[in-house]
Amino acid sequence: MTMTVPTGLLPTVESFARGEKRLLIDGEWVPAASGKTFATVDPATGKEICSVAHGEAEDINRAVSAARRTFDEGSWAGMAPSERQQLLWRIADTVAAREDEFGQLETLDNGMSVAVAQHVGVSWAVEMLRYYAGMCTKIEGRTITPSLPWLPGTEWHTYTLREPLGVCGAITPWNVPLLAVCSKVGPALAAGNTVVLKPAEQTPLTALLLGEVAMETGLPPGVLNIVTGFGEAGAALAAHDDVDKVAFTGSTEVGKLLVHAAAGNLKKLTLELGGKSPNIIFADADMDKAVIGSAQAWVFNSGQACVAGSRMFVEDKIFDEFTAGVAQVASSLKVGSGFDPEVQLGPLISQEQFDRVTGYLAQGASDGARTITGGNRIGDVGYFVEPTVLVDVREEMSIVREEIFGPVVAAIPFTADDLGPVAAANRTTYGLAAGIWTKDVSRAHKLAKQLKAGTVWVNCYNAFDAAIPFGGYKQSGWGRELGMDGLDAYTQTKAVNIEL
C-alpha cells in the first residue's frame with residue numbers, strides 16, 4: 001500500500017508507519033490468526049496510513065493464554081518489586097527519549113497538534129509510567145489486632161496482603177491514545193499483573209510502538225500482549241473466563257455492554273465512561289482567566305475529551321460579555337493539520353465522528369439554538385469543524401443533554417443565589433467532572449461538595465496529575481484510575497489470621 005503521510009516526519013516514524021503492524025503475543029510479533037488486516041487513517045486527510053493486523057476472538061484467546069501462563073509461572077508477579085520498578089522506569093525513560101517520535105506518530109494517527117501530542121500526551125504518559133514504577137515498592141499490607149471475644153484466652157497474629165489480580169484486560173480509547181494506555185498498563189504491571197491490551201482501532205500506532213519499546217527494554221514475554229482490532233476483539237476480552245479484570249475507557253453505551261460480558265466469571269471492572277460536564281462561572285471570577293480557561297475546557301483536543309466542559313453556566317449579569325469573550329477565543333484558534341506548528345486544534349478523529357458532531361449542530365439549529373461563532377465545516381478534506389458556541393438553548397435540547405464529543409459548548413445563564421445552578425448542573429445522567437470559577441472561597445467549597453462529579457476544578461480546568469484519582473459518578477463510570485486508588489484497583493486483599 002502507498003503510504004500517504006506528511007513530509008517532514010522523522011525517519012524512524014516514517015519507517016515505523018510504513019511496515020505492516022502485527023500483534024504482540026507472548027513476546028512475538030505475529031499476524032492475526034485470520035490473516036486479515038485493516039487500515040488506520042490520517043484524520044487530517046482521510047487517507048490510509050498503513051495496515052494493521054485485524055485481531056479477533058482467536059487472537060484474544062492466544063494473548064490471554066500467554067498472559068495467564070506468564071502470570072501463573074510467577075516470573076513477573078514474583079519478581080523483586082525493585083526489579084519491576086527498574087524495568088518500568090527504563091520503559092518510561094525510553095519513551096521520554098523518543099518523545100518526538102511518539103508525538104509525531106500520535107499526531108499522524110489521531111490528528112491532535114504535535115505540540116499537544118508531545119508535551120501533553122507523551123510527557124504525561126511518561127509521568128504516569130514513572131509514578132507507577134515508583135509504586136512497585138510501596139504495595140503494603142497491614143497488621144490487625146482482632147478481639148474474637150467468643151474465644152477467650154486466645155492470641156492471634158493477623159495481617160493482610162495486597163496481591164495482584166492476575167490477567168488484566170485493557171480497552172483504550174482513541175482521543176488520548178498513549179496516555180490512556182499508560183494509565184492502565186502502568187498500574188497493572190506495577191502491581192504484578194499481566195496485561196492484554198486492545199487499543200482503539202482508530203489509533204493503534206503508539207500502543208504498538210510502546211510494545212516495541214517494552215520488548216527492547218527487557219519486559220519478559222507474555223507480560224504485555226497487544227491485540228489490535230475492532231469491537232469483537234474487545235467483546236472477546238471482556239467475556240473471557242481467564243481474564244480477572246477489565247479496565248475500559250469509552251462510551252457509556254459500550255460500558256454497559258461490558259458489564260453484561262463480565263458477568264460470566266464476575267471479573268472486576270473499572271469503567272471510565274462519558275460525560276456532559278458543567279462549567280460554572282460566577283460574576284466575581286477573574287474574567288480574563290475564566291474566559292480562556294472556559295474556552296479550553298471544551299476546545300481542548302477538538303472537544304474530544306470525556307471531561308469537556310460542554311455545558312457552560314454563566315451568571316446572568318455577565319452572560320453576554322462572557323460568552324462573547326469565549327466566542328472570540330474560540331474563533332481565533334487556528335484549526336488544521338496537527339503537523340502545522342501554528343495549528344492549535346486538529347481534526348475530529350473520523351468520518352463517523354464528523355457526522356455525529358455536525359448532526360448535533362444541525363439538530364441544535366433546528367431546535368432553536370443560536371450560534372454566536374462557528375457551526376461549520378472547515379475545508380473539504382479531512383474532518384475539521386469550527387469551534388462552536390451556542391446560546392438560547394433549553395435543557396431538553398439534545399445539544400444540552402447528550403455528549404457530543406466535539407468542539408461545541410452550550411451556554412446557559414443563571415441567577416446567583418446561594419450556590420447558583422447546582423440543581424441544573426446535576427440534572428444529567430453523567431457525573432465525570434465540573435468546573436467552578438469564583439473568588440468566593442466559601443461558595444467554591446460548598447458548591448464543590450454539592451456537585452455530583454468525580455472531579456471538581458476550581459478556577460482551573462483540565463488540571464490533571466498522576467497522583468490525583470480520576471473517575472465518575474452515576475453513568476460516568478465505576479471505580480477510579482490514577483493515584484493510589486488506581487493502583488488498588490489492580491490488587492486484591494488477602495487476610496491471614498493465625499492462632500498463636
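How many helices and how many strands are there in the chain? I looked this up before anything else in the predicted model, and I noted 16 helices and 20 strands.

**Entry 1, overall form.** I compared the radius of gyration of the chain, 24 Å, with the value near 23 Å that a compact globule of 500 residues would have, and the two agree. Along the principal axes, I find that the C-alpha trace spans about 70 × 70 × 40 Å. I then turned to contacts with a separation of 6 or more, and residues 24 or more positions apart account for 74% of these in the chain.

**Entry 2, surface and charge.** Of the 500 residues, I note that 56% count as buried, while the accessible surface of the chain comes to about 19,800 Å², with 52% of that area belonging to carbon and sulfur atoms. I also looked up the charged side chains, which are 40 positive and 58 negative, and the centres of these two sets lie 4 Å apart.

Which residues of helix H15 are buried? In this helix, which runs over residues 441-450, I list Arg443, Ala444 and Leu447 as buried. Seen down the axis of H15, the buried residues fall within an arc of 100 degrees, so I record them as lining one face of the helix. As background, I recall that an α-helix has 3.6 residues a turn, so residues three or four places apart point the same way. On the other side of H15 I find Val441, His445 and Lys449, which are exposed. I also checked what the buried residues of H15 pack against, and the partners are strand S12 (278-281), helix H14 (422-426), strand S17 (433-437) and strand S18 (455-458).

I located Ala44 in the loop between strand S3 (37-42) and strand S4 (47-53). Is Ala44 buried or exposed? Its relative accessibility is 12%, under the 20% cut-off, and therefore Ala44 counts as buried. Leaving aside neighbours within four places in sequence, I find Ala44 in contact with Ser337, Pro347, Val381, Gly382 and Phe384. I also noted Tyr383, which is 339 residues from Ala44 in sequence but 6.4 Å away in space, C-alpha to C-alpha.

I looked up Leu266, which is not a glycine and yet has a positive phi of about 55 degrees; Leu266 is found in the loop between helix H9 (252-261) and strand S11 (268-272), and is exposed, with a relative accessible area of 71%. Asn462, also not a glycine, has a positive phi of about 60 degrees. I place Asn462 in the loop between S18 and strand S19 (477-478), where, at 23% relative accessibility, Asn462 counts as partly exposed.

How values were computed:
Residues are numbered from 1 along each chain as its sequence is written. This is a predicted model: local features need pLDDT of at least 70, side-chain atom pairs count only at pLDDT 80 or more; totals for chains, interfaces and linings use all residues. Side-chain values use heavy atoms; hydrogens and water are left out. Helices (H or I, at least four residues) and strands (E, at least two) are DSSP runs, numbered from the N terminus. The radius of gyration is taken over C-alpha atoms; the globule rule is 2.2 Å times the number of residues to the power 0.38. Buried means under 20% relative accessible area, exposed over 50%, partly exposed in between (1.4 Å probe, protein chains only). Contact means heavy atoms within 4.5 Å. Accessible areas come from the Shrake-Rupley method with a 1.4 Å probe; for residues, only the protein chains shown count as cover. Lys and Arg count as positive and Asp and Glu as negative; His and the chain ends are not counted. The place of a charge is taken as NZ of Lys, CZ of Arg, CG of Asp or CD of Glu. The arc is that of the directions from the helix axis to the C-beta atoms.
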